[in-house]
Amino acid sequence: MTALTHLLSLARSGDTMAASRLWQAVYAELKQMAAAKMAGEKRQVTLQATVLVHEVWLRLGDGAAFENRAHFFTAASEAMRRILVDQARRRLSQKRGSGEEALPIEETEIVAAGTDEKILQVHEVLDDLALQAPRQAEVVRLHFFVGLTNDEIAALLGIGESTVRREWTLAKAWLFQAIQGRR
């Protein structure tokens with residue numbers, strides 16, 4: 001049993017100090033995941049890695065609901081996905097006006113188009129992929145929404161890197177077809 005799995009077990013059994021020790025144990029790794037995701041953004045990001053990590057922690061609670069390391073980080077990747085999707089939706093609604101007054105062009109910030117739309121497109125079809133190929137969906141969550149490398153995903157899921165590459169390739173093809181089918 002890993003140290004993290006032991007802490008999760010303590011949290012499940014009601015140990016109130018386990019949540020604090022769990023936070024200390026996972027903070028650096030969650031921040032690395034969030035920073036990797038933020039570094040992959042091609043535009044000015046309003047959400048910072050530290051804020052993303054804290055929001056993920058708030059959504060996950062005290063750790064009592066998780067059985068092991070993989071279960072915890074799977075939930076963390078899903079929480080990051082949801083947070084990023086929510087942020088993309090907010091930015092897109094702001095882009096469309098959302099009841100705000102028009103600003104002169106000189107006062108607006110130029111943002112690369114497409115990133116928020118891509119996040120939402122992948123999010124909209126990811127649940128369908130999860131029904132057909134759960135491991136591929138998990139690879140997409142960890143790669144696309146969290147920004148983990150193939151090696152990191154393989155270690156987290158307990159599978160080989162070549163399996164991760166194969167699942168990522170298959171998932172990308174499926175996502176492309178699904179997104180094209182929605183247009």
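These questions and answers walk through the helices, packing and selected residues of a predicted model.

Q: How many helices and how many strands are in the chain?
A: From the N terminus on, the elements run α-α-α-α-α-α-α-α. The count for the chain is 8 helices and 0 strands.

Q: What share of the residues in the chain is buried?
A: A residue counts as buried when its relative accessible area is under 20%. The chain has 183 residues. Of these, the buried share is 42%.

Q: What percentage of the accessible surface of the chain belongs to carbon and sulfur atoms?
A: The accessible surface of the chain comes to about 10,200 Å². The part that belongs to carbon and sulfur atoms is 53%.

Q: What percentage of the contacts with a separation of 6 or more joins residues 24 or more positions apart?
A: Take the contacts in the chain with a separation of 6 or more. Residues 24 or more positions apart account for a share of 66%.

Q: Is Thr-5 buried or exposed?
A: Thr-5 is found in helix α1, residues 3-12. Its relative accessibility is 14%. The cut-off for buried is under 20%, so Thr-5 at 14% counts as buried.

Q: Which side chain makes a polar contact with the side chain of Thr-5?
A: Leave out residues up to four places away in sequence, and Thr-5 touches Glu-67, Asn-68 and Arg-69. The polar contact is a separate matter. At 2.8 Å, the side chain of Thr-5 makes a polar contact with the side chain of Thr-2.

Q: Which residues of α3 make the contact with α2, and what is the hand of the crossing?
A: On the α2 side, the contact residues include Leu-22, Trp-23, Val-26 and Tyr-27. On the α3 side they are Ala-49, Thr-50, Leu-52, Val-53, His-54 and Trp-57. The crossing of α2 past α3 is right-handed.

Q: Where is Leu-22, and which residues does Leu-22 touch, not counting residues up to four places away in sequence?
A: Leu-22 is found in helix α2. Its relative accessibility is 0%, so Leu-22 counts as buried. Its C-alpha atom is separated by 9.5 Å from that of His-6, 16 residues apart along the chain. With residues up to four places away left out, Leu-22 touches Leu-4, Leu-7, Leu-8, Trp-57, Asp-62, Gly-63 and Phe-72.

Q: What is the hand of the crossing of α6 and α7?
A: The axes of helix α6 (residues 134-146) and helix α7 (residues 150-157) come within 10 Å and cross at roughly 130°. The two helices are therefore oblique to each other. The contact is made by Glu-138, Val-139, Leu-142 and His-143 of α6 with Asn-150, Ile-153, Leu-156 and Leu-157 of α7. The crossing is right-handed.

Q: Which residues does Ser-77 touch, not counting residues up to four places away in sequence?
A: Ser-77 is found in helix α4, residues 69-95. With a relative accessible area of 0%, Ser-77 is buried. Leaving out residues up to four places away, Ser-77 touches Glu-138, Arg-141, Leu-142 and Val-146.

Note on methods: Residues numbered from 1 in each chain as written. Predicted model: local features only at pLDDT ≥ 70, side-chain atom pairs only at ≥ 80, totals over all residues. Heavy atoms only, no water. Buried < 20%, exposed > 50% of the residue type's maximum accessible area, 1.4 Å probe, protein only. Polar contact = N/O pair within 3.5 Å; in protein donor to acceptor, adjacent residues only side chain to side chain. Contact = heavy atoms within 4.5 Å. Areas by Shrake-Rupley, 256 points an atom, 1.4 Å probe, with all protein chains shown as cover. Left-handed = near helix turned anticlockwise from the far one by under 90°. Axes fitted to C-alpha atoms, helices over the stretch in contact; angles between N-to-C directions. Parallel < 35°, antiparallel > 145°, perpendicular 65-115°, else oblique.
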